[in-house]
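Reader: I would like a close look at a single part of this model, followed by how the neighbouring parts are arranged. Please give the cut-offs for the terms as they come up.

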Amino acid sequence: MVSWFRRKKPDAQTPTPEAAQPPVPNAAAAEAPLVAELSAPAPLPEPEVVEVAAAGPAHAEPAAAGKPGWRERLRGSAFARSFSGLFSRNPKLDDELLDEIETALLTADVGVTASTALVESLRKRMKAREFADANALLRGLRADLVALLLPVAQPLQIDATKKPFVLLTIGVNGVGKTTTIGKLARRYKDEGRSLMLAAGDTFRAAAVAQLQAWGERNGVAVVAQGQNADAASVAFDALQAAKSRGVDVLIADTAGRLHTQGGLMDELAKVARVLRKLDPEAPHEVLMVIDGTTGQNAINQVRKFNEKIPVTGLVVTKLDGTAKGGVVFALAREFGIPIRYAGIGERPEDLRVFDAEAFVDALLPAELGRA
């Protein structure tokens with residue numbers, strides 16, 4: 001099996017990470033022959049870290065740490081807008097208030113099942129006189145939402161005994177898989193881990209070049225074979241290379257696909273089978289990336305992908321801006337799959353470890369109950 005590494009010197013002007021996706025090299029560069037066969041590997045040169053300018057427009061600055069950062073990024077969400085003024089307009093504890101809460105939950109993509117369960121719980125507690133006023137009911141709703149998410153708020157733990165720890169990313173077209181990989185690479189490099197990327201999205205034009213640009217930016221080696229190559233072959237070569245070089249983490253990209261495309265879905269299972277020829281436990285994490293603006297369609301996506309290859313973790317992207325965000329609660333109730341990360345901004349630092357309390361606090365602030 002032949003694998004290729006391709007590296008190029010950075011341009012005179014280093015690109016900044018203000019956009020969610022890195023610049024793509026021109027077609028000629030993307031099709032240039034790749035060098036360095038793994039069948040007779042030469043010592044891998046120390047990767048060159050490309051310095052990236054930190055300055056940028058004010059709106060592109062990374063959100064602050066802790067709850068304030070989440071509030072800053074998610075305050076414009078459809079979820080927050082759905083509940084804005086609801087409790088101050090309805091200070092009385094009655095069925096009308098509960099009906100409006102249910103409508104707001106459904107509008108924010110929480111889903112029928114989760115919304116009904118949440119409202120019925122509030123109704124029972126209201127009849128039992130647990131709430132003194134609408135503000136108390138709001139606190140009860142916030143607590144219920146946090147309780148729904150706490151079981152799935154499980155950070156990804158890299159098992160150092162599995163070397164390399166193989167992380168396979170999957171998802172439909174356009175959810176931000178490759179960008180998420182770039183941000184994860186930055187995170188793991190900052191943690192002092194050695195890593196390698198596998199350009200397994202051989203279907204989409206320029207996807208390989210895009211991942212290579214992220215690799216250059218983060219000083220990470222990328223294994224690639226070019227467009228239309230066999231994705232399983234790329235993954236196999238990458239794992240072989242990562243093992244030979246003692247790399248800590250291998251992140252493998254895959255082609256975006258619709259969950260209705262049977263042939264491409266079967267390819268995912270093939271990638272996993274091929275990886276297990278070198279490591280019976282690989283992949284150690286199957287990370288599915290979900291677009292936070294997708295809504296209830298995300299439920300079908302996870303269900304179909306999970307049938308082909310067991311999903312062990314989720315990343316919900318694009319939660320900043322106008323994303324409804326309620327689908328996170330629907331996913332938690334429907335599948336109970338750990339939510340590893342949430343994307344709340346464009347910068348690498350804005351890919352956050354999922355925090356249930358900060359997420360609910362941002363979507364449903366306690367201040368909503370104040371007139």
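Is Gly326 buried or exposed, and what is its relative accessible area?

Author: This is a predicted model, in which local features need pLDDT of at least 70 and side-chain atom pairs count only at pLDDT 80 or more, while totals for chains, interfaces and linings use all residues. Residues are numbered from 1 along each chain as its sequence is written, and side-chain values use heavy atoms, with hydrogens and water left out.

Gly326 is buried, its relative accessible area being 0%. Buried means under 20% relative accessible area, exposed over 50%, and partly exposed in between, with a 1.4 Å probe and protein chains only. The residue sits in the loop between strand E7 and helix H13 (327–335). Helices (H or I, at least four residues) and strands (E, at least two) are DSSP runs numbered from the N terminus.

Leaving out residues up to four places away in sequence, Gly326 touches Phe79, Ala108, Asp109 and Val110. Contact here means heavy atoms within 4.5 Å. Leu105 is 221 residues away from Gly326 along the chain, yet their C-alpha atoms are separated by 7.3 Å.

Asp109, one of the residues touched by Gly326, belongs to the loop between helix H5 (95–107) and helix H6 (112–127). With a relative accessibility of 14%, Asp109 also counts as buried. Apart from neighbours within four places in sequence, Asp109 contacts Gly295, Gln296, Lys324, Gly326, Val327 and Ala330.

E7 runs parallel to strand E8, and three bridges join them; two strands pair if DSSP finds at least two bridges between them. Leu314 has Ile339 in E8 as its bridge partner. E8 (residues 339–343) is mostly covered, with five of its five residues buried. E8 is also joined to strand E9 (residues 351–353) by three bridges, here in the antiparallel sense. Gly343 has Leu351 in E9 as its bridge partner.

Another strand pair is E3 (residues 195–198) and E4, parallel over three bridges. Ala198 is opposite Val223 in E4. E4 (residues 221–224) is covered on both faces: Ala221 and Val223 are buried on one side, Val222 and Ala224 on the other. Together with helix H9 (residues 207–218), E3 and E4 form a right-handed β-α-β unit. Right-handed means that, with the strands pointing away from the viewer, the path from the first strand over the helix to the second runs clockwise.

Two helix pairs complete the account. Helix H11 (residues 262–278) packs on helix H12 (residues 297–308) at about 50°, with the axes 9 Å apart. Axes are lines fitted to C-alpha atoms, for helices over the stretch in contact, and angles run from 0 to 180 degrees between N-to-C directions. H11 is therefore oblique to H12; under 35 degrees counts as roughly parallel, over 145 as roughly antiparallel, 65 to 115 as roughly perpendicular and the rest as oblique. The crossing of H11 and H12 is right-handed, and a crossing is right-handed if the near helix is turned clockwise from the far one by less than a right angle, left-handed if anticlockwise. Met265, Asp266, Leu268 and Ala269 of H11 meet Lys304, Phe305 and Lys308 of H12.

Helix H2 (residues 67–74) and helix H14 (residues 356–363) pack at about 40°, with axes 8 Å apart, which makes H2 oblique to H14. The crossing of H2 and H14 is right-handed.
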